[in-house]
2 protein chains.
Amino acid sequence: MKIVCLDLEGVLIPEFWEEFSKKTKIPELMKTTRDEPNYDKLMKMRIKILKKNKFGLKEINKIVSKMKPFKKAPEFIKWLCKRAQPVILTGSYYDYIMPLMKKLNYPFLIANTLKIAPNGEIIGYKLREKDGKIEMVRRFQKAGYEVIAIGDSFNDVKMLEGANKGILFKATQKLIEEKKEMIHAEKFEELKKILQKIL
Amino acid sequence: MKIVCLDLEGVLIPEFWEEFSKKTKIPELMKTTRDEPNYDKLMKMRIKILKKNKFGLKEINKIVSKMKPFKKAPEFIKWLCKRAQPVILTGSYYDYIMPLMKKLNYPFLIANTLKIAPNGEIIGYKLREKDGKIEMVRRFQKAGYEVIAIGDSFNDVKMLEGANKGILFKATQKLIEEKKEMIHAEKFEELKKILQKIL
């Protein structure tokens with residue numbers, strides 16, 4: 001029995017803030033680490049914009065409840081549960097991502113938490129640990145597991161390289177070219193075929 | 001968001017070998033660590049009896065597919081998934097326990113693996129690590145989580161005491177008396193009430 005660690009955004013659900021920006025029509029929320037590589041600055045900016053637009057946790061959850069995972073993601077997770085132990089490793093936050101987890105049938109989720117004021121206003125964020133993804137992969141390996149990791153972006157590379165097997169999924173052409181030695185898939189059906197051989 | 005670590009047998013499903021013994025009408029399989037405290041001897045005896053009775057993995061799975069979790073366990077796991085991240089920690093084996101996991105909607109399961117011959121015969125077992133339950137609790141704590149542990153028997157005590165909060169569930173009177181300082185519940189409704197206060 002193997003543990004399969006999956007990134008969340010870009011792999012099972014759309015990029016959260018891009019989707020949120022579209023649904024709320026707040027274009028400033030479209031910015032990602034590609035535009036602002038300093039994560040702390042980026043998050044503080046997001047929190048400021050949310051406050052300006054009067055988006056507390058309740059209002060955010062209303063929007064998120066309308067979001068959807070990728071079309072074939074729920075079926076894929078179901079398929080995977082029969083064959084391995086899936087774990088979602090994400091830099092995202094429990095506080096607003098849980099309505100989407102429901103649509104994936106609640107796989108085990110390792111994420112971070114926001115700081116929320118009693119009135120529901122988001123006032124900060126708390127990262128559990130540095131390099132949370134690869135740290136968790138290492139812990140499972142120490143417990144005697146072989147770990148397969150699946151991710152789409154540069155911030156997944158450490159996890160993909162540290163796992164016993166790393167698979168790029170829905171990755172950008174740039175990342176695929178940079179990590180030529182790494183196997184990659186674009187559709188869930190392809191990913192299943194790859195996994196079928198190694199699970 | 002907290003991680004809730006649950007023992008499996010006696011907590012969510014009946015004691016596996018007792019149930020298996022009843023369903024197969026092989027009384028020798030009724031023995032547990034209470035009768036034979038040496039786990040290695042106990043497992044080797046079970047493997048021998050299975051072989052004698054021509055029970056390979058296929059035949060075992062046929063029996064297990066007829067077993068059921070405790071009546072309110074699936075609903076409890078569903079309830080818990082909305083409020084915390086459940087993890088099942090068991091000394092049991094993936095190879096024969098998975099049909100029961102399906103009935104619990106596949107919560108994240110940390111277990112061990114059997115050694116199976118190509119013809120399906122069980123020829124041995126492999127424990128991932130010593131003290132697997134408490135080791136995993138400690139790993140989650142190191143990752144920045146508060147951990148609640150739920151168990152029913154003496155082999156859960158280390159995990160219950162090492163967690164941030166330990167709860168005895170469906171435990172024997174003897175254990176309840178020995179661990180007077182520990183909160184305990186007998187029914188899922190009681191357990192929910194306790195969890196509601198601390199999740």
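Buried area is the accessible area, taken with a 1.4 Å probe, that two parts lose on being put together, summed over both. With that in hand, welcome to this predicted model, in which chain B and chain A bury about 2,200 Å² between them. Chain B also holds an open sheet of 7 strands, and both topics are laid out below.

**Where chain B meets chain A**

- On each side the contact involves 26 residues: 26 of chain B touch 26 of chain A.
- Carbon and sulfur atoms give 64% of the area buried between the two chains.
- Polar contacts link 12 residue pairs across chain B and chain A, counting pairs with both residues at pLDDT 80 or more, while the rule finds 0 salt bridges there.
- Two or more residues each come from β2, α5 (94-103), β3 (108-116) and α6 (132-142) of chain B; β3(B) has the largest share of this side, with 5 residues.
- Sorted by class, the side of chain B that touches chain A has 17 nonpolar, 4 polar and 5 charged residues.

**The sheet of chain B**

- Its strands follow the order β4-β3-β2-β1-β5-β6-β7, and their pairing is mixed.
- At the edges lie β4 (122-126) and β7 (183-185), each of which pairs on one side only.
- On average, neighbouring strands are turned by 25° against each other, direction ignored.
- Helix α4 (residues 73-81) of chain B packs on the sheet, touching β1 (3-6) and β2 (85-93); the helix direction makes about 160° with that of β1(B).

**A look at β6 and β7**

- Strand β6 (residues 165-169) of chain B runs parallel to β7(B), and 3 bridges join the two.
- In this region B:I167 stands opposite B:I183 of β7(B).

Technical notes: Residues numbered from 1 in each chain as written. Chains lettered and ligands numbered in written order. Predicted model: local features only at pLDDT ≥ 70, side-chain atom pairs only at ≥ 80, totals over all residues. Heavy atoms only, no water. Pairing = 2+ DSSP bridges. Helix = DSSP H or I, 4+ residues; strand = E, 2+ residues; numbered from the N terminus. Axes fitted to C-alpha atoms, helices over the stretch in contact; angles between N-to-C directions. Contact = heavy atoms within 4.5 Å. Salt bridge = Lys/Arg side-chain N within 4 Å of Asp/Glu carboxyl O. Polar contact = N/O pair within 3.5 Å; in protein donor to acceptor, adjacent residues only side chain to side chain. Nonpolar A, V, L, I, M, F, W, Y, C, P; charged D, E, K, R; others polar.
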